[in-house]
Amino acid sequence: MRFVDEFRDAELGRALAAEILAGVEPGRRYKVMEVCGGHTHTIYRYGIDDLLPENVELVHGPGCPVCVIPMGRVDDGIALARRPEVIFTCFGDMMRVPGGDGCLLDARAGGADVRMVYSPLDALRLAREHPEREVVFFAIGFETTAPSTALTLLRARAEGVRNFSVFCNHVLIVPPLRALLRSPDLRLDGFIGPGHVATVVGARPFEFLPADHHKPVVIAGFEPLDLLQAVHMLLRQLAEGRCQVENQYTRVVPYDGNPQALRVLEQVFELRPHFEWRGLGFISHSGLRLRDEFADLDAEHRFEVPGVRVADPKACQCGEVLKGVIKPWECKVFGTACTPERPIGTCMVSSEGACAAYYNFGRLAREREVV
Amino acid sequence: MAGEREALELIERVRSRPPRFRDAQITMAHGAGGKATLNLIEGLLAPAFGLTELADAAAVGDVALTTDTFVVTPIRFPGGSIGELAVNGTVNDLAVGGARPAAITVALVLEEGLAADELRDEVDAIARAAEAAGVRVVAGDTKVVERGRCDAMYVCTTGLGHVDPRAALAPSALRPGDRLLISGPVGEHGVAIMLARGQFELAAPVESDTRSLWPAVDALLEAAGPSLRCLRDATRGGVASVLNELSRASAVGMLVREAAVPVRPQVAGACEILGIDPLYVANEGVLVAAVAAEGAEAGLRALQGVPGCEAAAEIGEVRAAPEGMVIVETGFGGRRVMDMLVGDPLPRIC
Amino acid sequence: MSAESFHCVTCADEALPMRVESVAADGAAVCAGDIQVLTDLVGPVAEGDRLLVHAGVAIARLEA
């Protein structure tokens, strides 16, 4: 895997870290937000924080699709899973997200047929293999994952599979960013853009950040060097007074994205008028649902779901964490009432949630360079 | 940063509270070898039996006793089968407890409908593994349950060994400055099981590393006996879980150098696809040794001389702080915490 | 660590580089021995091509 090894080069990393240190303005604090669970993961997994000067703060935004699912939607999923004829399939982390009364894993322990899959295609295969059952796929994810669901639905349609449906919770990346930037208690210097979402949608959709909000953004890949490089590029923009969309992940991300992927999304999905995001409230035109032509493959049409809105527990501060307003350890229940084994909120459930990442990997008192 | 330090201290206080078993029902996580298993053992089982901890093996006078149940599915996998696992697993619990394995008992729970040939194969596997490990099968039991009540078979082995005088091992014996050694590459068994479950295929197949660890333990005892603090076989929960247990028991910190941990490329690749850190994957033929600094070099050389342990390596060291915490120095130079396993990423692994 | 895997494919927005080992009759790529990858979004592929794969779908081509 030369592709990957090259970018894990520690020596290059140290050189970049030194350049970053040299380029940082003394006494100035920089707050950079990344909006992708994968970036959160890389930062913690490789200890990137250790390599940055103390006055450069990396903040995690609403980039984890599991983290933004409200409890009521989880309950809807559980209701579907409890139906005896249903084989309920979902990605790994979704199984532990607490709804109003337990999570999918609890439902499984109670007898529901809940199975983890790595892709919606696995779920479709289950439907083919079990014609006597109803297979439901809990679709989550940003624009990176939505095309996979779309292609699966098109295949289901083409093959005439009747016992498959999707419970669609796909979301888009731009609306929550706009919502975030309207918040007065957030001071950010710039963004690290989500590399794989951008592979599908391109760099173009992020132009609103410099254009409307005067925030520079650098689209980044997922290796530790990618992230360091992106931070370096961002800080250089700030030092040189530039404000633009830059692409660090040029080896993969085209400016206009993947036209075929966008066509397929357009073909299968339409925008919901609004969708509730955990911690962020209702955001208009931020979620996807299946078009009417695919109603028979839409779990919400095929089955009844409770559709009850459940308020987050009072103690839960996931919203503030998702907006980058507080750090995980600043949440009052972090590490005490809310732990990875007994999570209260989604930020602690998802392995890429800011809280889980910090608890599992980052729980270290660090000595870093102060400039 | 004052706020962060305080928050971290509070978390450590919460974590160091005695475990309480508060779950309403048993979930797969309780069988994973991670935090839930620990809670179950220390919160329910050990107190019920009047013990402070429930160890894998324990000395009763000069004799060491251990028991283990094997529920691996499927029962045959690349590199081994449940019978072999059942012998080696129990032999290894004795070995890493510092006892020379002498005899085992074998109890079988068989599923109605199990083919006689399959049973014959497993019984042969048990016999061969016992001979290879130098132990006698001295007693046993057989039960049959209705079709569907167990997957082909479950095996329980109990082992008896003689406490070896060359070392005094205890999980609480680790001290700052001790070195951490590993006897071979990690992740093989867990990945082999995933392959056997048909999750995916690999060009170069991976096999379970199930083997008796007594030769490795014997070599360590001979070369570095007085310097040995504790040995553990890194089964379910992997190296990460074992290091965390030791770190907790000795109230010390640890630093592991990720780049020094031997992992074969096929295993690393498979773990990447599965989204699993090889340090959490079950092994069935790997031990971790905590050795006082003065004995570490001799211990490592002795290990490397044991067939199958050529890739043995020093992977880190014991520190005074942060207490009870295992830190990993990543290949990239930064650091992260390596906590105990939560949940059950690889169920029914052994 | 999550219940079933250490990091969740979609949460991590993870895409893995994979090599096309062979091409199935319907155009799907077969990678890493047995992993089926849809190639609808990247066009026809050939053995040896390198793809960036997310949730069973190739979302981009990679340089060799």
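Q: The radius of gyration is taken over C-alpha atoms, and the globule rule is 2.2 Å times the number of residues to the power 0.38; what radius of gyration does chain A have?
A: This is a predicted model, in which local features need pLDDT of at least 70, side-chain atom pairs count only at pLDDT 80 or more, and totals for chains, interfaces and linings use all residues. Residues are numbered from 1 along each chain as its sequence is written, while chains are lettered from A and ligands numbered from 1 in the order in which they are written. The C-alpha atoms of chain A fill a box of roughly 65 × 45 × 40 Å along the principal axes. Because a compact globule of 371 residues would have a value near 21 Å, chain A agrees with that expectation, at 21 Å.

Q: Which elements of chain A give two or more residues to the side that touches chain B?
A: Counting contacts as C-beta atoms, placed from the backbone, within 7 Å, 28 residues of chain A meet 23 residues of chain B. The elements of chain A that give two or more residues to this side are α2 (10-23), α3 (37-45), α5 (104-109) and α16 (354-362).

Q: How far apart are the centres of domain 2 and domain 3 of chain A?
A: By an automatic or database domain assignment, domain 2 of chain A covers 71-171 + 287-302 and domain 3 covers 318-361. Four residues of domain 2 of chain A are in contact with five residues of domain 3 of chain A. Taken over C-alpha atoms, the separation of the two centres is 26 Å.

Key
Two residues are in contact if their C-beta atoms, placed from the backbone, lie within 7 Å. Helices (H or I, at least four residues) and strands (E, at least two) are DSSP runs, numbered from the N terminus.
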